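This report covers a single structure, shown below.

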Amino acid sequence: MHTIRNSAMTVTIDEVGAQLQSITSADGTEYLWNGDPAYWTGRAPILFPYVGRLTNDRYTYGGKEYQMTRHGFAKRAAFSVLAQGKDHITFHMEDTPESREIYPFAFRFDVSYVLEGSTLVIVYATENMDGKIMYFGLGGHPGFRVPLEEGRRFEDYRLTFAQPCQPSRVLLSDNYMLSGHEAPYPLENGVDLPLYHGMFDDDAIILKNFARGVTLSAGEGSRGLTLSCPKMRYMGIWHQPKTDAPYVCLEPWVSLPSRDGVVEDLSQQFDLISLASRQRYENRWTVTIF
């Protein structure tokens, strides 16, 4: 475990998966979900090099079939610390003979956490070390405690988008993969999405065409947080289906799961990042607590 801090917040990260373990304000309030196995053992896994499920956990590339489980392998990988200071840290992983058996690319993948006042900046940086184009998906999966204060209920909270928008919901099949359909997902007053447990009974709500910033709060005067993801194309909103789980995941993604029943060719999936040889890709998102 590694800890970074400033006057506003303290953040702890595990080397395994470079996964956030705690986001605590100066007065000791915990914002991150604690991984209670009664609901969900994750806290904030990093989704790389794939987001979501592949049909039968399989895909093809270059005429060969490979197997990879849900959300890729970074969440289980042993990262090393590349650089660290009091208020920042960078974790590093790269391909291995074992990773190339399931993902046939040479790469470097760095995850940085930087504190700027009451904002945590998360930076994903991928470098293609191979002689061919590299295809990958990428996303975050942080869970946040709801409620954040005693005396409040899950249903007191809402998500408020940064500006009025008309998002579409990407609909999933019964196997939790792309169904090929979308539907309008109207917000109250164009900006608000009240939370209630039953909204997740059909699994994640995946939005596109949304305002790239969203605030979780119980209204004026409450504790809350704002997640901003200007270069992420999708937002997953989730907690364990058909439970009263006391958290909500706000998941910024650049790509989507597999189409149901289709073993995807990685070089043909429309929303994956295509990174040329020796090129670097960077994406960042932030969490601001208040």
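Asp201 is partly exposed, at 33% relative accessibility. Buried here means under 20% relative accessible area, exposed over 50%, and partly exposed in between, with a 1.4 Å probe and protein chains only. The model is predicted: local features need pLDDT of at least 70, side-chain atom pairs count only at pLDDT 80 or more, and totals for chains, interfaces and linings use all residues. Residues are numbered from 1 along each chain as its sequence is written, and side-chain values use heavy atoms, with hydrogens and water left out.

Asp201 sits in the loop between β17 (192–194) and β18 (205–208). Helices (H or I, at least four residues) and strands (E, at least two) are DSSP runs, numbered from the N terminus. Setting aside residues up to four places away in sequence, Asp201 touches Pro241 and Lys242; contact means heavy atoms within 4.5 Å. A polar atom of the Asp201 side chain lies 3.3 Å from the backbone nitrogen of Lys242. Pro164 is 37 residues from Asp201 in sequence, and their C-alpha atoms are 26 Å apart.

## Lys242, the partner

Lys242 belongs to the loop between β21 (234–238) and β22 (247–253). Lys242 is exposed, with a relative accessible area of 68%. Its phi is near 55 degrees, a positive value in a residue other than glycine.

## Pockets

A pocket is an open set of points on a 1 Å grid over the protein atoms alone, with protein on both sides within 12 Å along at least five of seven lines; a cavity is a set where a 1.4 Å probe fits but cannot get out; lining residues have an atom within 4 Å of a point. This second pocket holds about 180 Å³. Grid points are joined across faces, edges and corners, and a volume is the space filled by probe spheres set on the points. Its lining has 5 nonpolar, 1 polar and 5 charged residues. Ala, Val, Leu, Ile, Met, Phe, Trp, Tyr, Cys and Pro count as nonpolar, Asp, Glu, Lys and Arg as charged, and the others, Gly among them, as polar.

The largest pocket has a volume of about 470 Å³. It is lined by 23 residues, and the closest to its centre are Trp40, Arg70, His71, His141 and Trp238. The lining divides into 10 nonpolar, 7 polar and 6 charged residues.

## One cavity

How many cavities of 30 Å³ or more does a search of the whole structure find? The count is 1. The largest cavity has a volume of about 40 Å³. Its lining residues include Leu20, Ala44, Ile46, His141 and Trp285. By class, the lining has 8 nonpolar, 2 polar and no charged residues.

## Cysteines

The structure holds 0 disulfides, a disulfide being a pair of cysteine sulfur atoms within 2.5 Å. Cys165 is buried, at 13% relative accessible area. Cys229 is also buried, at 0%.

Asp130 lies in the loop between β10 (119–128) and β11 (134–136). Asp130 is buried, at 16% relative accessibility. Its side chain reaches the backbone nitrogen of Ala106 at 2.9 Å. A polar contact of 3.0 Å joins the side chains of Asp130 and Lys132. Such a contact is a pair of N or O atoms within 3.5 Å; within protein, one must be able to donate a hydrogen and the other to accept it, and residues adjacent in sequence count only if both atoms are side-chain atoms.

Thr215 is in strand β19 (residues 213–217). Its side chain makes a polar contact of 2.7 Å with the side chain of Thr226.

## Backbone geometry

Most residues other than glycine have a negative phi, and most peptide bonds are trans. Phe48 and Pro49 are joined by a cis peptide bond, with omega about 5 degrees. Val146 and Pro147 are also joined by a cis peptide bond, with omega about 10 degrees.

Ala18 has a positive phi, near 45 degrees. Ala18 lies in the loop between β2 (9–14) and β3 (19–25) and is buried, at 0% relative accessibility.
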